[in-house]
Structure formats: structure tokens, C-alpha cells
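Open the model in your viewer and keep the selection panel at hand. Each stop below gives a selection and says what is there.

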Amino acid sequence: MADYQIKENPEVFDAIVVGSGAGGGMAGYILAHAGLKVLMLEAGPFFDPAKDALQLRWPWESPRRGASTTRPFGDFDAAFGGWQLDGEPYTTVNGTEFEWFRARMLGGRTNHWGRISLRMGPDDFKPTDGVTDEWPITYDEVKPFYDRVDRMIGIYGTVEGIRNEPDGIFMKPPKPRLNELYIAKGAKKAGVPVIPGRGSVLTEASSEIKGRGTCFYCGQCGRSCKVYADFSSSSCLVMPAMKTGNLKVIDNAMVREVLTNEEGLATGVSYVDTQSLQEYTVRGKTVVLGASACESARLMLNSKSSAHPGGLGNSSGLVGRYLHDSTGASLSGFLPQLLDRKRYNEDGVGSVHIYSPWWEDNRKLAFPRGYHIEYGGGLHMPSYGFLNWVPGVNGKVAGKNGEKKAAGGYGAELKQDYRRFYGANVGMAGRGTALARKDNYCEIDPTRVDKFGIPVLRFHYKWANEEIAQAKHMQETFQSIMHEMGAIITSDIPGPETLYGLEAPGKIIHEGGTTRMGNDPKTSVLNKWGQAHDCKNLYVVDAGPFVQQGDKNLTWTILALSMRTAEYILEQKKKLNG
Amino acid sequence: MNRRESLKALGLIAAGSGVLATACKQDKAKDAAAAADTEKLPGVQDFEHERNKQLQAERFFTEHEMATITVLADIIIPKDDISGSASEAGVPAFIEFIVKDLPSHKIPMRGGLKWLDVQSQKRYGNAFIKCKEEQQLALIDEIAYPERAKPEMQQGVAFFSLMRDLTSSGFFTSEMGVKDIGYVGNRPGVWTGVPAEVLKEHGFDPEKFFG
């Protein structure tokens, strides 16, 4: 490469934010609104849900009818990316497993996520069981930020007064669908509480929320919303921040390294334009990483210098350590009571209508912590494979003539069976606390680079007895709820040979912990403000700072903590200037 | 922005016309097959669109295989009082596409079709599509019911199960099939819960949130 040249951006930004998802988006929003000149770098293309969402498309508008060939959650889903990206590999240490989901686009994974917006509770920040380390902050310190996120972004739910499932400032929740009413009834009999869902979807107009529409109930939040009625970082944070004139976004910019000076302070970043492959450097007074827990860790580990020989901010050797996803397991069935059900539009919202917060007393159980349950099923939009379960179970219930027949079949009778069973399905999925362990980690693979020449991550992650015992408990609970609601289970009931259906680490897409916060620089990467112990103008605002996530999907906490970190950055700047 | 303004922003409220009427008109205006074939929708990535075009330009099944798929698809989903047959809904063309899109289906489909012809030849001295209808159905009866099929027919069972799944996928995701199955969503509206008469039919109390 005779003409290899790095272009240097002459502008010095007050802050450079790497990544545009929940964490990066919120940091960019707060800093730009406070008047800082902010540069945001996003590895994927610009994405505006108003133009780019595949919302309200019909299945026949996809040649694969929505199958998940190129997008793991189907052809209409709003994530550009998946567990595998062309030319951007990662590896795993033999005998361990990790599935790393990356969305390369403005807004990142917030464009397609389930909008399930739960706060972590007091016991999640300060565990009482001593099993995992405490956070350096309490729920009470984070609560004001959760409150502001609720008001600023909007969330529906109900005030329930459950100690470790803190209430927020809620809009009205959507009413349950028919299968969800059966689930709630069955769960109650099984001793499992069910409460209205909590989701970041605008079910009401709010005077505090401008430029966004209210939900019109198509149930397609996963495709991202053309009227911005749900939370995506792209529509709710980044684009409003751009309107201040203080935030500039460069898309298709894959950050290679954080640059530092001799004192070890961050001076900017280098990145490659993924389209032209031109290399750039750009300078910033503060660098904020919100590239996702593992991508930010990778970036720090790849940013070696004489001041940071083990990688930027890694004097503790803990960057990449304590990686943890949520646990996940599920079970499917159908409700004979819903066969031949009356048709009506029950699309509802695209987030959860109901869920079960963790209810058990761990003193009586063989594992610490717990899980919540999300429920599915109903009269949803047809898509590839949606009726495949019917020929397997149409022999399980008597027909209109009162007789059972052999499962399978064809012809007019089968066609009628498809109609008969449509919408009678129910599913339940547990999402639980997987313990943050030092021995579960990502590191730089010493021998591999991606297509940009950036060293890739190698993962080392194993489930332990705590997670397996939790999955077993999930399956027992699911079966008990299915039984109490009179459902017929259609999935094979997973046993010990499959770890009770426990999904591989990474599959639930809740990974965090890789740059954890703490008061002691020897046992943590960041201080309690998300600031690197070793590099005071470097901050991390994704799920990396999580000491230990609860069973609460982590986006709402990422938003609250990023807001808190961004305001700390502003305070620090004020102190320096004043 | 309230809900009405949301819909305006979506372009779903034209002057003087109701939301549903407008949404329906849009559906009909669009030739479904054409949309899936050539048009690049906004939000579809370039590599996805290129891949679609490339797959659409390739041909996998032979004429004979396509003819067999058509006969089988219509055996699985025939025309009835409510809707047309699988082939009328474009299922064979969908199957041609989906095996190229999900290549793991290629060998099971090609080999399964061959298996069917070999069986037909042995029994009736003809390829499957040239057999009489009662001969075809007699053979299908032996592979359409997994739990009662003979062990020597299991390869046929596996093939027929795949063919059945692809047929139901193709049919019930077509415009005809979506209407047939009675899915009435995918349009702007207001969700106020399960209709009261349905709640009553199922023994739930319309006054209570959880019935």
C-alpha cells in the first residue's frame, strides 16, 4: 500500500462518543444538549425508523415470507447484523461457548429490542446474599435517573409496590390478549404472580415528549417504529441530539483504537471508514465508549500504549472479565380452549403485555437470584413456519365429531386444522440472572484479525450449576403453569442432557460486566461514575460497567447510568473551567 | 403528537377517508409477487437485495420437479369454500425460492421428490404426477401420518413433513392465505383489550384487567 495515508480531522471535539445505541445515544443526547461539541461514531449505516422501518409490511412482501435467513429475527426485523457478521469473526476457547450479537446501524440494537423496560432493584445493586460483589452505587442513587428516563422516553406499566421490582412513572399499560388472560389465571393457580408489562412504548401522549407519535398498536416494535412511538436510540436520542447542532454523526466508522498521550490520557480515536477503507484519526477532549459491552472491552484491549501496556484502562487486568448474559429457557404449548377462536385484531403493542416478576424466596431454593417470565402466543401476523407445529399436534385433541385422529394429514381436513389451531399457541420464556464470574471473559485472540485488520475477541464462557439449577426451576414452573391453564405442551420437555433448555451464553443478548465499576482500582475497571480508574477522560456507558445485572433486561439501567455518567462529565468540565 | 397525528405522519389518513379504507387500498394497489420479486424496499440492506435478485435469477427445480411440487402442494392445501389452492396462491414459486434461500432444504426436497417417483414407479409403473389420483393418495396416506407410518416409509414421512411445512408457510403468508386464516391486524388501530363478547364466551370479566 504505497498510498497508505491516515486522514486527520482538524477539529477537536469536546467529546467523542463511540456507538449510538442506548448508552452512546443517551450520552450524546445529554452532552449535546448541554452545549458540548460532540462527535458520534457508528460502525454501521445511518438508520431512521421513519424511513427505514419495515413496519406494516405484509409477509408476502418478503420473498422468504419473513424467514430468518439474513436477519436472525426475521426479514422485517430492524437489526442490521446478528450473531455472525460477514468479515467480523470472533472465536471461543475450546469447551466454552458464547454467541455475540452485534447490530451495525444508528441506534444499534435498540431499533429491534423487545422494549421491556425494567428497573434493577435495591437488592440487585446491593445483594444481600453475598454471592456476587456489590455495586458501588445504590438503587436510591440511580432512582432519580430512572425517573427522568421514564419521563423523557416514556414507559407503560402499573404501580405494584414490589420491593425488588421498583415502580416507575408509568403510562397506561395495554390490556392482556386472550391467551394472556388464560396464562394469568393458570399462573395464579400455580402460585406465580403475573402483572401488567412494562415497556417503552408511548400508549399516551405526553407534554414532556416532543416529536414522537403515540402507539397505533400494530405489535411490530421489533421492526422499529415509523412514528417513533417506541424507544429507539436513533429516533429518541441521536436524531434529537443532532437537531441541537452540537452532535455530529459519522456512520460506517469502525473505531480501531483509542489514542492516548504520554500521560496516558485519551486524545481521540482512530477509525476506518467501512465503505472506502480510508483510515482517519480525530481528536477529542473526552472519549465515551458505548460500543456494547464486548466491543468497548475489545477497543480498550486493542488500545495499547507505553502508559497502558495491557490495554487502555486495564491495569486491573479485568477488562473483558465478569462477562455475563442473562439465562434463558422456554416452553411452548397450545390451549384447547382457544381452538376455533373468534378472529379480531389483537396485535397490541410489540413489547410485553404481561410478565411475571421473580417471586420466590431463595432461602428455599438450590440456586441464588431468579428470573422473570415473558409470555407469547395469539393471533399474530403469519410468517414463515408459523403453523409448522399444527400437524404435530392435531392428533392430540378430539375433532368436532368427538374423535381423535392421527397427527399430520393433508387436504381439506388439514387446511381446516390450520385454521382451527391458529392463535391457540402459548409460549413462555424465562430471563434470569446469570452470575458475573471472573472466569467468564472475552480477550483479544492472539492470532486473528477481522477484515479491517482489527484483532478480534476470543470468548471463554461456561454455565455453572447456579444457572443450570435456575433453568431446571424455569422448566418446572412452565410445566406447572401449562398444567394449571389446561394447555397441552408441544415442545419436547428439556432435561439435564440439554441443561434444561438453557440457551447458550450470548443468546439472550444481555451481555454486560466487561468493564465493571467499583471503588477499588484493583478489582474494577471504572469508578462509580463510569470513568476509567486509569484514564480520567475515558468513560464507558454501555452494559460494560454492570457489576452484576439482575433478571431485569438491562436497557433501562444502561440509559439511567449513561445519563448519570454524562452529567458527571459535564460537572467535571465545569470544575476544570471554573 | 397524539394518535391521529401519528397516523397523519404515516400518511394513513388521507383527506376525507378513513384509516382502514386507505390501508386496504394500499394493499390492493400493490402486486404482491412483484413487490417480493424486484422492488428494493427502504430498510432492506444492499447485500440482502443483491442476494434476493441473485436467488431469483437462479433456477433449482426441473420442470418435472416443479410439476410434482405443484401436485403435492394442492394435495396438501386444496381449494375449498373459503379459499383457493396452494398453487393458486403461488406456493410452488415460493418453494422454488425458499430452497435456494435456505439451501439445507435442497437435498431433502430433491431427494424426496425422487423417492416419491421411485415409490410410484415400483407400485404403479409411473412417475408420481402420472399416477391416478387414488394411486397418489394411497401413497400419500402412507407418509402423511408420522405416528402410524411403517418404518420403511420414514424417509417419505420426513420428506412429506417438510413439503407440508413449506406449503403451509407459502400458502398462509400469501395474500389469499392471510385472508383465509383470518388475520385482521397489521393496520393502525386502538387496542382496548379483548372484545367483550369474546371475554364472556371464555368466562372472563370484561370489567377486570385480568378478566
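## Stop 1

Select A:Ser224. It has 31 C-beta neighbours inside 10 Å, so it counts as buried. This is a predicted model. A:Ser224 sits in the loop between β6 and α6 (233-243) of chain A. Check its backbone: phi is near 70 degrees, a positive value in a residue other than glycine. Most residues other than glycine have a negative phi.

Now jump to A:Leu499. Its phi is also positive, about 55 degrees, although A:Leu499 is not a glycine. The loop here runs between β17 and β18 (531-532) of chain A. Is A:Leu499 buried or partly exposed? It is partly exposed, because 17 other C-beta atoms lie within 10 Å and the buried class needs 20 or more.

## Stop 1: the six-stranded sheet

Show chain A as a cartoon. Find the open sheet with the order β6-β12-β13-β14-β11-β17. Its six strands pair in antiparallel fashion. Which strands form the edges? They are β6 (195-196) and β17 (488-489) of chain A, and each pairs on one side only.

Zoom in on β11 (residues 326-334) and β14 (residues 425-433) of chain A. Nine bridges join these two antiparallel strands. For a landmark, select A:Ser330, which stands opposite A:Ala429 in β14(A).

## Stop 2: a helix crossing

Select residues 139-153 and 555-577 of chain A, which are helices α4 and α11. Two packed helices are described by the angle between their axes and the distance between the axes. Here the axes come within 9 Å and cross at roughly 110 degrees. α4(A) and α11(A) are therefore roughly perpendicular to each other.

Show side chains at the crossing. From α4(A), pick A:Val142, A:Phe145, A:Tyr146, A:Arg148 and A:Val149. They meet a set in α11(A) that includes A:Trp556, A:Leu559, A:Met563 and A:Arg564. How do the residues of this contact divide? Nine are nonpolar, none is polar and two are charged.

## Stop 3: annotated spans

The end C-alpha atoms of residues 443-561 are 25 Å apart, and the span is 23% helix and 19% strand.

## Stop 4: chain B

Chain B has 11 helices and zero strands. Of its 211 residues, 36% are buried. Take the contacts in chain B between residues at least 6 apart in sequence: 52% join residues at least 24 apart.

## Stop 5: where the chains meet

Key: Residues numbered from 1 in each chain as written. Chains lettered and ligands numbered in written order. Predicted model: local features only at pLDDT ≥ 70, side-chain atom pairs only at ≥ 80, totals over all residues. Axes fitted to C-alpha atoms, helices over the stretch in contact; angles between N-to-C directions. Helix = DSSP H or I, 4+ residues; strand = E, 2+ residues; numbered from the N terminus. Parallel < 35°, antiparallel > 145°, perpendicular 65-115°, else oblique. Contact = placed C-beta atoms within 7 Å. Nonpolar A, V, L, I, M, F, W, Y, C, P; charged D, E, K, R; others polar. Pairing = 2+ DSSP bridges. Buried ≥ 20, exposed ≤ 12 C-beta atoms within 10 Å, placed from the backbone.
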